[in-house]
Amino acid sequence: MRPRHVIHSQLICADYNGDYPEMVSGEGVYLIDRQGRRYLDASGCTAAVTNLGHGHPRIAAVLAEQARTLAVHPTHVFHSEVLERYLGRLCAFAPDGFNHAWTICGGTEAIENSIKLAYQYHRAKGRTTRNRVLGRRGSYHGNSILALDVGGLKARRDFYSGLLADRHLHLSPCFPWRRAAEQSESEYEDALIDEASRTLSQYTDEILAFVAEPIVGAALGAVAPTPRYFERIAALCREHDVLMIADEVMTGFGRTGRAFGCEHFGTHTDILACAKGISGGYFPMGAVIAHDRVLEPIVASGVPFQSGQTYSCIPLAAAVGEAVLDVIEDEKLVAASAQVGIYLRRGLETLLDRRGVGDVRGTGLFLSVELVQDVSSKAPFATELGVAKRVEAAALQRGLVTYACRGTVEGTRGDHLLFAPPLVLTEADADFIIETLRASIDAVMAAPELRTV
Ligand SMILES: Cc1ncc(COP(=O)(O)O)c(C=O)c1O
């Protein structure tokens, strides 16, 4: 048996009993360990990060060249051509009207800075009481204290309850598959819109922005809303001049078969919070992309954006970001995600006949399999059985990396697996995912304690 923690001895470890294979390289959709074993990375590196695949030579070359030329410069007195060019490219990649951008180091910072921008929008309009964000339960927006507070993922919030201010408000998630059996989809949507309307009316003078993932990722498992949900929420937000922030950290940059996830539902947003696929994992990076209507009052107020960190808008990030956009365009990765995504989803749907598989859902290469104890009632497995984790481990043994998540039901119970592989995935790779998952689920469900449930 491999000795534990030889490699991790100095790491503040996420799993003190973890016995992890040592990774030495990556190549396309594969990760390769010290023994030369290849793992198909269907999680996209926890998750939805490696959109371009591992070891992309173009990105590696640009990164090295920009590091040699100019990695950083003082931003309080200089700017750079590479940054100006990149911000222009980024805005051109975004939907029409999104003409202002700012880069930072990841998704949590993208959310924090989006909220700060929305806060400044209201300050610029002379409003000093708009100090609360409207989020949703069953959503994750990052791991800083503000992002946890705005997010509604009980499993991640509870431990930090002593630090959370509980200042922010949370609506119900829009999770059509888990609506009450007697409710039609349109009744369900109406009820959610009523809830949003009541909350926005009650707290109009306090809410600065509504934050949502267009398609909910790890928290619920690739859950798209009912078709008119965002259009109706947007109408309410406009009525109360509440800004909409789309958390595109997972769903951006082609992941769902469109450039941005919100484009599936008519865009309806004012700010795009981006990370992960923006750099494909080659650099710690995030961005805020804002619509003209957000910047107009701020620019008119003459007060610059009240934010900024050491690594905001540095040339190295800009060069990587630009190279990533080049690859997305040249390799037509947005269309590839849509196309292979349909193939993978159809294949995963064939698993609906396996015991324990309740639902298969998602769009593009952003898919999920929800595991349930009882398919007809949708009752989840007992949390302590750790079913998703067991399937993840069984798949790993067979050379497939998946991402097991819990909290699908009311934030604590429920199991699902998220699939967000590199967008360069082929149909043959998709077949491997499907067959390996089938074998892994069957192996886990055959365990005596699961056979009796
Ligand atoms: C939807 C969503 N928002 C925000 C974040 C936070 O991003 P980061 O981990 O880069 O800070 C994540 C991370 O998984 C995410 O999935």
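Mentor: The domain assignment, whose bounds come from an automatic or database source, gives domain 1 (23-52 + 332-451) and domain 2 (58-330). This is a predicted model, in which local features need pLDDT of at least 70 and side-chain atom pairs count only at pLDDT 80 or more, while totals for chains, interfaces and linings use all residues. Residues are numbered from 1 along each chain as its sequence is written.

Trainee: And how many residues of domain 1 are in contact with domain 2?
Mentor: Taking contact as C-beta atoms, placed from the backbone, within 7 Å, 34 residues of domain 1 are in contact with 34 residues of domain 2. On the side of domain 1 that touches domain 2, the elements giving two or more residues are α1 (44-48), α11 (333-349), β11 (357-363), β12 (366-371), β14 (403-409) and β15 (413-419); helices (H or I, at least four residues) and strands (E, at least two) are DSSP runs, numbered from the N terminus.

Trainee: What kinds of residues make up that side of domain 1?
Mentor: They divide into 16 nonpolar, 13 polar and 5 charged, where Ala, Val, Leu, Ile, Met, Phe, Trp, Tyr, Cys and Pro count as nonpolar, Asp, Glu, Lys and Arg as charged, and the others, Gly among them, as polar.

Trainee: Which residues touch the most other members of the largest nonpolar core?
Mentor: Ala209 and Val320 do, out of the 134 residues in that core, a core being a set of buried Ala, Val, Leu, Ile, Met, Phe, Trp, Tyr and Cys residues joined through C-beta atoms within 7 Å, and buried meaning that 20 or more other C-beta atoms lie within 10 Å of a residue's own. Helix α10 (residues 315-330) gives the most to this core, with 9 residues. Both domain 1 and domain 2 give residues to the core, so it lies between them.

Trainee: What is Ala209 in contact with?
Mentor: Setting aside neighbours within four places in sequence, Ala209 has contacts that include Ile115, Val133 and Met244.

Trainee: Switching to the ligand, which residues come nearest?
Mentor: Gly106, Gly107, Thr108, Gly142 and Val249 come nearest, of the 14 residues around the ligand, where near means a C-beta atom, placed from the backbone, within 6 Å. Helix α4 (residues 107-124) supplies the largest share of that shell, 3 residues.

Trainee: Last one: in what order do the strands of the open sheet run?
Mentor: The 4 strands are ordered β1-β2-β3-β13 with mixed pairing, and two strands pair if DSSP finds at least two bridges between them. β1 (23-27) and β13 (400-401) stand at the edges with a single partner strand each, so one side of each is left without a neighbour in the sheet.

Key: Contact = placed C-beta atoms within 7 Å. Buried ≥ 20, exposed ≤ 12 C-beta atoms within 10 Å, placed from the backbone.
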